[in-house]
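Let's take a walk through a protein model together. Have the picture at hand, and we will begin with how its parts are arranged.

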Amino acid sequence: MPEARTSTPRERYRTQVRAEIKEHAWEQIATAGASALSLNAIAKRMGMSGPALYRYFDGRDELITELIRDAYRSQADTLRAAADAGAGLAGLAHALRAWALDDPQRYLLIFGTPVPGYRAPDDITEIAAETMAVIVGACAALPSASPSDGTADAFDAHLEDHRQWAGDDPAPSPVLHRALSFWSRLHGVLSLELAGQYTGMGFDPALLFDAELKDLLGP
């Protein structure tokens, strides 16, 4: 059996510098938003020249991609860990909210306003799909998700031929519908909360989140 390859000092240094660059990038995002991200400003903070920093990231888009990839991976791992620990849909919802509140800028980078001129590569979508797979699995474990009105019937029928987002999951359309409703409504509440839209309204966003979750889970 071949021995595991040991990284060289140069490789370890490169990994360390890339991690430091990403830390400074998150600080910039927290201060001015992702659209204002500047590699030259990061280089100045680190005491490097702009061209020197470009040896670690080809440009702004590659850095943003790394940040988005890290964020989606963190989210997917958090929900997968919760599911592996036996959490049902309610447990996943609370794990999602805790993850979002732990680092709002990380959440808003992937669910907030898109960065102008930036397009994520395909592998980002694949990582995001891992999160949806966990949610679909939790929905499939619930009692039958029967549509309650004609609108639900119409959308369930639509999902029969529009289920690419669910990958190869064989779950029936009502389960996919429930998963989409869970994902859409809870992210809607979270996005408004983290964007500060509830500030000054005088109610507890945590209780609103729980109310939406209860409504989604049904009796």
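The centres of domain 1 and domain 2, taken over C-alpha atoms, lie 30 Å apart. Domain 1 covers residues 1-58 and domain 2 covers 64-217; such bounds come from an automatic or database domain assignment.

Before going further, a word on what you are looking at. This is a predicted model, in which local features need pLDDT of at least 70 and side-chain atom pairs count only at pLDDT 80 or more, while totals for chains, interfaces and linings use all residues. Residues are numbered from 1 along each chain as its sequence is written, and side-chain values use heavy atoms, leaving out hydrogens and water.

The pLDDT is the predictor's confidence in each residue, from 0 to 100. Its mean for this protein is 89, and 93% of the residues reach 70 or more.

Now trace the chain. You will pass ten helices and zero strands, where helices (H or I, at least four residues) and strands (E, at least two) are DSSP runs numbered from the N terminus. The C-alpha trace spans about 60 × 60 × 35 Å along its principal axes.

How do the two domains meet? Ten residues of domain 1 are in contact with nine residues of domain 2, contact meaning heavy atoms within 4.5 Å. The size of an interface is often given as the accessible area lost when the parts come together. Here about 840 Å² is buried, and carbon and sulfur atoms give 76% of that; buried area is the accessible area (1.4 Å probe) that two parts lose on being put together, summed over both. On the domain 1 side, K22, W26 and A34 lose the most area to domain 2, together 55% of what that side buries.
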